[in-house]
Amino acid sequence: MSWRLPKKIDFPWGYEVVVSVVDRGDIDAHGEWDCEDRTIKIARDLAPAEKRATLIHEMGHAYLDWQSWATQHVPLKEPQNVPPDPWEVEDEENS
């Protein structure tokens with residue numbers, strides 16, 4: 001397992017978050033979530049464990065914005081002719 005910070009995080013349905021390490025002067029705290037750019041910015045001068053903790057914290061903000069985005073942009077009705085996900089199909093042997 002790699003302990004390096006990811007360069008991006010893919011949430012479902014195309015919501016991509018970029019992770020960027022920046023100079024301390026570019027942000028007001030250890031980290032920052034920019035919902036306009038979908039970017040998590042983390043201060044370069046933090047120790048590795050602090051960077052990971054900051055990433056986890058900022059991912060919480062990103063997740064909440066993703067929830068709002070998904071409810072507005074992901075249709076509730078599936079397009080026609082799309083096969084169901086395997087976990088949605090009943091096992092015919094148990095029927």
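This is a predicted model: local features need pLDDT of at least 70, side-chain atom pairs count only at pLDDT 80 or more; totals for chains, interfaces and linings use all residues.
Residues are numbered from 1 along each chain as its sequence is written, and side-chain values use heavy atoms, with hydrogens and water left out.

Is Thr39 buried or exposed? Its relative accessibility is 11%, so Thr39 counts as buried (buried means under 20% relative accessible area, with a 1.4 Å probe and protein chains only). Leaving aside neighbours within four places in sequence, Thr39 is in contact (heavy atoms within 4.5 Å) with residues including Val18 and Trp33.

Thr39 belongs to strand β4, residues 39-43 (strands are DSSP runs of E, at least two residues, and helices are runs of H or I, at least four, numbered from the N terminus). Now step back to the sheet. Four strands form an open sheet with mixed pairing, in the order β1-β2-β4-β3 (two strands pair if DSSP finds at least two bridges between them). At the edges are β1 (8-11) and β3 (31-34), each pairing on one side only.

Finally, look at the rings. Phe11, Trp13, Tyr15, Tyr63, Trp66 and Trp69 form one aromatic cluster (rings of Phe, Tyr and Trp, taking the six-membered ring of Trp, pair if their centres lie within 6.5 Å; planes under 30 degrees apart count as stacked, over 60 as edge-to-face and the rest as tilted). Both Phe11 and Tyr15 are buried.

Terms used: Buried means under 20% relative accessible area, exposed over 50%, partly exposed in between (1.4 Å probe, protein chains only).
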